[in-house]
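Dear colleague,

I am handing over the structure we spoke of, and my notes on it follow directly below. Please read them with the coordinates open.

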Amino acid sequence: MKKTDKTQVMFLLKMLLANGLVIYLAAYFYPGAVVLGNASLSSMAALLVTAILLTLIISQVEPLLKLTKVKLKSDFSMGIVYGLVNIIGLWIIARAANYTGFGISTVSVAVILGIVLNLIQYLIWKMVMGKK
């Protein structure tokens, strides 16, 4: 495994852990707005499924941008794209609550949670990838 592959794997693992932690804390502190678990999935299984799905969605942003030949030059524009992907990803995962066990009360919860996730993911990106 090349150094870049190891860095990418570490980045995705840290992203997975961070996504899971933020979603868990949101469900813990705001149980009326964020729900983990349903009749089919325990809360921990729902947390794992949601964190994995969100991490997979986020991991596909750069390949899709390269495929479509979209060039985003600044961290700010990348942040906007990733923020929108986080919000839309959370909303889609929550709409499939019967399968994922993740639910949110309103779209504003998805927006706020997406922004928080985006900030945490940016910090991880800065630390792991060494971007300046």
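A residue is called buried here when its relative accessible area is under 20%. The model is a predicted one, and the values that follow are computed from it.

By that cut-off Gly-103, with a relative accessible area of 17%, is buried. Gly-103 is found in strand E2, which covers residues 102-104, and its C-alpha lies 4.9 Å from the C-alpha of Val-35, although 68 residues separate Gly-103 from Val-35 in sequence. When the neighbours within four places in sequence are left aside, Gly-103 is in contact with Ala-33, Val-34, Val-35 and Ala-94.

Thr-100, in helix H5 (residues 97-100), has a relative accessibility of 5% and therefore also counts as buried, the limit being 20%. The side chain of Thr-100 reaches the backbone nitrogen of Phe-102 at 3.3 Å, and, again leaving aside neighbours within four places in sequence, Thr-100 is in contact with Leu-41, Ala-46, Val-49, Thr-50, Leu-53 and Ile-93.

On the H2 side the contact is made by Thr-50, Leu-53, Leu-54, Ile-57 and Ile-58, and on the H4 side by Tyr-82, Val-85, Asn-86, Gly-89, Leu-90 and Ile-93. Of the residues in this contact of H2 with H4, eight are nonpolar, three are polar and none is charged.

The second pair is H4 with helix H6 (residues 107-129), whose axes come within 8 Å and cross at roughly 135 degrees, so that H4 and H6 are likewise oblique to each other, and the crossing of H4 and H6 is right-handed. H4 contributes Asp-75, Gly-79, Tyr-82, Gly-83, Asn-86, Ile-87, Leu-90 and Trp-91 to this contact, while the residues from H6 include Val-107, Ala-110, Val-111, Leu-113, Gly-114 and Leu-117, as well as Tyr-122, Trp-125 and Lys-126. The residues of the contact of H4 with H6 divide into eleven nonpolar, six polar and two charged.

How values were computed:
Residues are numbered from 1 along each chain as its sequence is written. This is a predicted model: local features need pLDDT of at least 70, side-chain atom pairs count only at pLDDT 80 or more; totals for chains, interfaces and linings use all residues. Side-chain values use heavy atoms; hydrogens and water are left out. Contact means heavy atoms within 4.5 Å. Helices (H or I, at least four residues) and strands (E, at least two) are DSSP runs, numbered from the N terminus. Ala, Val, Leu, Ile, Met, Phe, Trp, Tyr, Cys and Pro count as nonpolar, Asp, Glu, Lys and Arg as charged, and the others, Gly among them, as polar. Buried means under 20% relative accessible area, exposed over 50%, partly exposed in between (1.4 Å probe, protein chains only). A polar contact is a pair of N or O atoms within 3.5 Å; within protein, one must be able to donate a hydrogen and the other to accept it, and residues adjacent in sequence count only if both atoms are side-chain atoms. Axes are lines fitted to C-alpha atoms, for helices over the stretch in contact, and angles run from 0 to 180 degrees between N-to-C directions. Angles under 35 degrees count as roughly parallel, over 145 as roughly antiparallel, 65 to 115 as roughly perpendicular and the rest as oblique. A crossing is left-handed if the near helix is turned anticlockwise from the far one by less than a right angle, and right-handed if clockwise.
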